Amino acid sequence: MAVEQLGGLTALGAVLSPLDGAGLRTDAVVARISAAIGLGVITDGEQLPSEIDLANQLGVSTMTLREALAVLREQGLVHTKRGRGGGSFIRSSAEAVNTRSLARLQQLSVEELRDIGDEHFAVAGGAAVLAARRGVAADFERLRTLAQRLAHTDDLVHSARADSRYQIEVAVCSQSARLTRAEVNLQAELSALMWLSQVGLDRKERAARHLELSEAIASEDELAARRLAEERTAADMRRLIALRMELAGS
Amino acid sequence: MNVSDDARDATLDDVTGAITAMAERVFASLDTIASALSSLWNGLEDKGVRATSEDLAVLRDVVIAELQHQSRLLNGAGVVIDEDRLADCPRYLEWWRPDEERGVSQKLNLDLNPQSEYFYDYSTMAWFAGPRDQGTRWIHGPYLDFTCADLNVCTFALPVASQDGVFLGIAGADAPVARIDAELLPKFQASRRLMALVNAEGRIIVANHADHVAGSKIKAHNGTRRARAVPGTPWTLVTLD
């Protein structure tokens, strides 16, 4: 099932699509798979495709994939069972995700974070304007439902998924496939960082903000939609940068 | 109404006729797929056997033949089965997409696990719920189907029932907006009129006016704009000149 399920998600599946360019392939594979776990494209307990299939899907050698899986095992995100019925399985415990994300945040420079934030500012703001301009009744209903769902999640892993799902759906409402892909990629990078326990996001407060944005979109108020999306991305990045600076002193 | 108005209406008739003909072609394909599903189902029922997902594999050839037949317009087609109809799995779809690179069709596999964040819950999607609840054929979209086709598409669907009238699921097909545009834009241009084809929610499917492109919204009944329903579809053709 795992192979099939991964194959079914295309824009999302981009998270697990062939890697391009050179660079540190193992790191890139680790980043992709942990992003897929973070977004909920692959879920807890799910079996990863066979090494050969997954290597093909990502466009890397089985050697590189094995190295990446070893790193993920070390980080507690994947565990491997041997023998019949064996394979690599996802373990997306809140603790493992938090440890891995904290390490990831420390790898990023303040300047890199600011730049990811700049991109998100542009993408989320643009998507919100276009969603307000182009959305229809069914879209507004979906956005409200997803915003409310965030308020009712019960752990950080699920909050992160519901939060990123909401932001991706705003991009979907913009009717732009490119903006949607950009938002998926940004969520892949940012979502698990934003929901680090140390960042201290409040799910109810955030759900209320998402509802406010949904209402602006539903009332076709392009200016308010842009402002709310831009303010949220700027505030998010400020929190992440503050935590990153704090970690540098510890 | 003067002569020139008559001539203008005749032009609009030509264009709506072409749009209806396009939709009817898709529904004819869906009829073929739906008949294949219902006769397969009835055959099993007559033998007293409850259908499984494996039984549906034989629909592949029918679906692929229709996809080849409509290769300029469709990029996916198949059947989507209502919940708990099959003996072996609660949710199932037999949906095929042509893969131009590999030259063979690929079966689409979606996340049908309700526990998953990206659970593809088709029972709540308009193209499935519409035909199920109203028993009529359906055209949904355009919408950005980012968990499935990753494109702006219109989904055409036809309800399928067993011999006892039990809803089994839908026969459906996806037509990317870009392909509908490729088929209809030349006809819009030939009409020498500015116009937009709009869905029931006011979203543009095809237009030949640079201010009104696919995906944007327009008010169909706005002042002096002439609008006419496109027979056989939930769509409206709006003039912009």
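## Chain A at a glance

Chain A has eleven helices and two strands. Helices here are DSSP runs of H or I with at least four residues, strands are runs of E with at least two, and both are numbered from the N terminus. Along the sequence, the pattern of chain A reads α-α-α-α-β-β-α-α-α-α-α-α-α. Its radius of gyration is 18 Å, close to the 18 Å that the globule rule gives for 250 residues, so chain A is as compact as a globular protein of that length. That radius is taken over C-alpha atoms, and the globule rule is 2.2 Å times the number of residues to the power 0.38.

This is a predicted model, in which local features need pLDDT of at least 70, side-chain atom pairs count only at pLDDT 80 or more, and totals for chains, interfaces and linings use all residues. Residues are numbered from 1 along each chain as its sequence is written, while chains are lettered from A and ligands numbered from 1 in the order in which they are written.

The C-alpha atoms of chain A fill a box of roughly 55 × 45 × 35 Å along the principal axes. Of its 250 residues, 44% are buried. Buried means that 20 or more other C-beta atoms lie within 10 Å of the residue's own, exposed means 12 or fewer, and partly exposed is in between; the C-beta atoms are placed from the backbone.

Take the contacts in chain A with a separation of 6 or more: 74% of them involve residues 24 or more positions apart. A contact requires C-beta atoms, placed from the backbone, within 7 Å.

## Two domains in chain A

Nine residues of domain 1 of chain A contact 13 residues of domain 2 of chain A. On the domain 1 side, six of the touching residues are nonpolar, three are polar and none is charged. Nonpolar covers Ala, Val, Leu, Ile, Met, Phe, Trp, Tyr, Cys and Pro; charged covers Asp, Glu, Lys and Arg; the others, Gly among them, are polar.

## Chain B at a glance

Chain B has four helices and ten strands. From the N terminus, they run α-α-β-β-β-α-β-β-β-α-β-β-β-β. A compact globule of 241 residues would have a radius of gyration near 18 Å, and the 19 Å of chain B agrees.

The C-alpha atoms of chain B fill a box of roughly 65 × 35 × 35 Å along the principal axes. Buried residues make up 39% of the chain. Among contacts between residues at least 6 apart in sequence, 54% join residues at least 24 apart.

## The sheet in chain B

Four strands of chain B form an open antiparallel sheet in the order β8-β7-β10-β9. Strands pair if DSSP finds at least two bridges between them. The edge strands are β8 (204-207) and β9 (227-229) of chain B, each pairing on one side only. The twist averages 20 degrees from one strand to the next.

Strand β7 (residues 195-198) of chain B pairs with β8(B) over three bridges. These two strands form a hairpin with five residues between them, and B:G202 in the turn has a positive phi of about 90 degrees. β7(B) also pairs with β10 (residues 236-239) of chain B, over four bridges. B:L197 has a bridge partner in each neighbour: B:V206 in β8(B) and B:L237 in β10(B).

In a regular strand the side chains alternate between the two faces of the sheet. On β7(B), B:M195 and B:L197 point one way, B:A196 and B:V198 the other, and all are buried.

How values were computed. Axes are lines fitted to C-alpha atoms, for helices over the stretch in contact, and angles run from 0 to 180 degrees between N-to-C directions.
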